[in-house]
Amino acid sequence: MLRDNFKQNESVQANTAFLDELMEKLPDYFTSIGTFDLEKFRDNLKEHNIDELTSGYQLGWIGKDYAKKQSGERSTTVIVPDLLHNQKNENRDSQNLFFTGDNLEVLRHLQNIYANSIDFIYIDPPYNTGSDGFVYPDKFEYSDEQMKEMFGINDDQLIRLKSIQGRASHSAWLTFMYPRLYLAKKLLKDSGVMFVSIDDNEQANLNELLNEIFGESNFVNKFTWVSKPEGRSLQSVGANGTSEVIFAYAKNINEVSEFKSSASKLRNLMPQNYSGYEREVSFDEKGEYIATHELYNGNSIFNEETRPNLVFDIWYRESDGDIKFEEPSESGYVLIEPHRNTDGVHKYNAYRWSKERLQKNLMICCS
């Protein structure tokens with residue numbers, strides 16, 4: 001257990017961590033004395049017909065500039081080990097680190113050693129339900145005069161910014177989350193992935209916030225899990241919510257491998273998902289798998305009359321996985337006919353996939 005001893009620096013300092021990152025990525029825009037040449041940057045944007053500074057889709061809220069300022073600040077505290085905790089028998093040989101204290105300060109400290117080195121981050125942030133204890137911190141890190149100077153705002157704008165203090169509002173939640181997600185992303189390896197749990201209260205805002213920080217192209221998936229089948233015991237109109245979601249974002253989607261696990265392990269972890277099903281675990285060159293659906297559509301209403309484009313013959317060659325939709329002249333192919341329909345009227349059930357989708361997925365799985 002490591003604890004924070006806070007020593008607040010009262011002076012207004014430049015966002016040095018952010019400037020260091022800019023200098024590394026855009027050295028051409030820094031002067032000989034280390035200041036960023038904003039006019040040169042703007043001129044280059046105009047030269048290339050880029051107008052993203054003033055137009056485009058953006059997520060905005062009260063406190064966003066302050067949240068960005070926090071995300072680039074360096075720690076002003078010292079972390080010291082809790083010797084009593086570390087010397088306990090159950091902790092003495094542990095290879096783990098446990099931190100307690102303000103998580104923003106801890107994330108700032110972690111940048112020094114663990115930046116670009118973490119494979120996996122899972123966070124379960126405040127849901128902002130009004131009953132989960134979340135309120136934005138009652139005190140900003142800077143004095144009123146410092147904030148007016150840093151953000152170029154007047155007294156009225158300062159009052160508006162400070163209106164999120166001690167409140168559980170959308171703006172307060174976003175201001176709280178932005179620097180923490182920003183710093184957590186910097187800890188990830190290029191192949192790293194972050195998972196974030198959330199319920200309906202901030203799901204839409206979290207989605208947009210993660211898009212802004214990670215980039216929409218690095219969205220991996222949104223996993224929905226049924227947290228309470230009978231419905232959560234919260235006030236609602238019409239129907240109780242039964243599920244929550246987990247957003248998954250990659251630092252670099254091109255560096256992330258496929259999410260997979262063995263079928264037998266999943267069966268042991270989630271026996272309720274397999275109750276009533278005695279599905280056989282099979283093996284191929286890619287590992288274990290369980291076939292959960294046939295290629296054909298089990299509903300007889302989908303047939304050669306209603307879905308003529310989904311009723312066709314398939315010739316399959318096991319030696320190389322090749323498929324054809326016309327009888328091949330070469331040997332080695334096996335004919336797979338559409339499934340026989342049982343409605344007493346039609347001959348076949350339709351396939352779930354078209355010829356084009358079969359070809360596409362065959363190329364993906366076997367490339």
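Guide: The protein chain holds 12 helices and 11 strands, where helices (H or I, at least four residues) and strands (E, at least two) are DSSP runs numbered from the N terminus. This is a predicted model, in which local features need pLDDT of at least 70 and side-chain atom pairs count only at pLDDT 80 or more, while totals for chains, interfaces and linings use all residues. Residues are numbered from 1 along each chain as its sequence is written, and side-chain values use heavy atoms, with hydrogens and water left out.

Of the 367 residues of the protein chain, 31% are buried, that is, under 20% relative accessible area with a 1.4 Å probe, protein chains only.

The packing itself may now be considered. Two packed helices are described by the angle between their axes and the distance between the axes. Axes here are lines fitted to C-alpha atoms, for helices over the stretch in contact, and angles run from 0 to 180 degrees between N-to-C directions.

Helix α7 (residues 144–151) and helix α8 (residues 155–162) have axes that come within 10 Å and cross at roughly 110°. Helix α7 is therefore roughly perpendicular to α8, a term for angles of 65 to 115 degrees. Asp144, Met147 and Lys148 of α7 meet Asp155, Leu158, Leu161 and Lys162 of α8, contact being heavy atoms within 4.5 Å. By class, this contact of α7 with α8 has three nonpolar, no polar and four charged residues; Ala, Val, Leu, Ile, Met, Phe, Trp, Tyr, Cys and Pro count as nonpolar, Asp, Glu, Lys and Arg as charged, and the others, Gly among them, as polar.

Helix α7 also packs with helix α3 (residues 64–72), at an angle of about 95° and with the axes 11 Å apart. These two helices, α3 and α7, are therefore roughly perpendicular to each other. Their contact is made by Asp65, Tyr66 and Lys69 of α3 with Met147, Met150 and Phe151 of α7. The residues of this contact of α3 with α7 comprise four nonpolar, no polar and two charged. Met147 of α7 takes part in the contact with α8 and in the contact with α3.

Helix α6 (residues 103–114) has buried residues, including Leu104, Val106, Leu107 and Leu110. At its N-terminal end, aspartate 102 caps α6 through a side-chain oxygen that lies 3.0 Å from the backbone nitrogen of leucine 104. Just after α6, asparagine 116 takes a positive phi of about 60°.

Notes
Parallel < 35°, antiparallel > 145°, perpendicular 65-115°, else oblique. Buried < 20%, exposed > 50% of the residue type's maximum accessible area, 1.4 Å probe, protein only. Polar contact = N/O pair within 3.5 Å; in protein donor to acceptor, adjacent residues only side chain to side chain.
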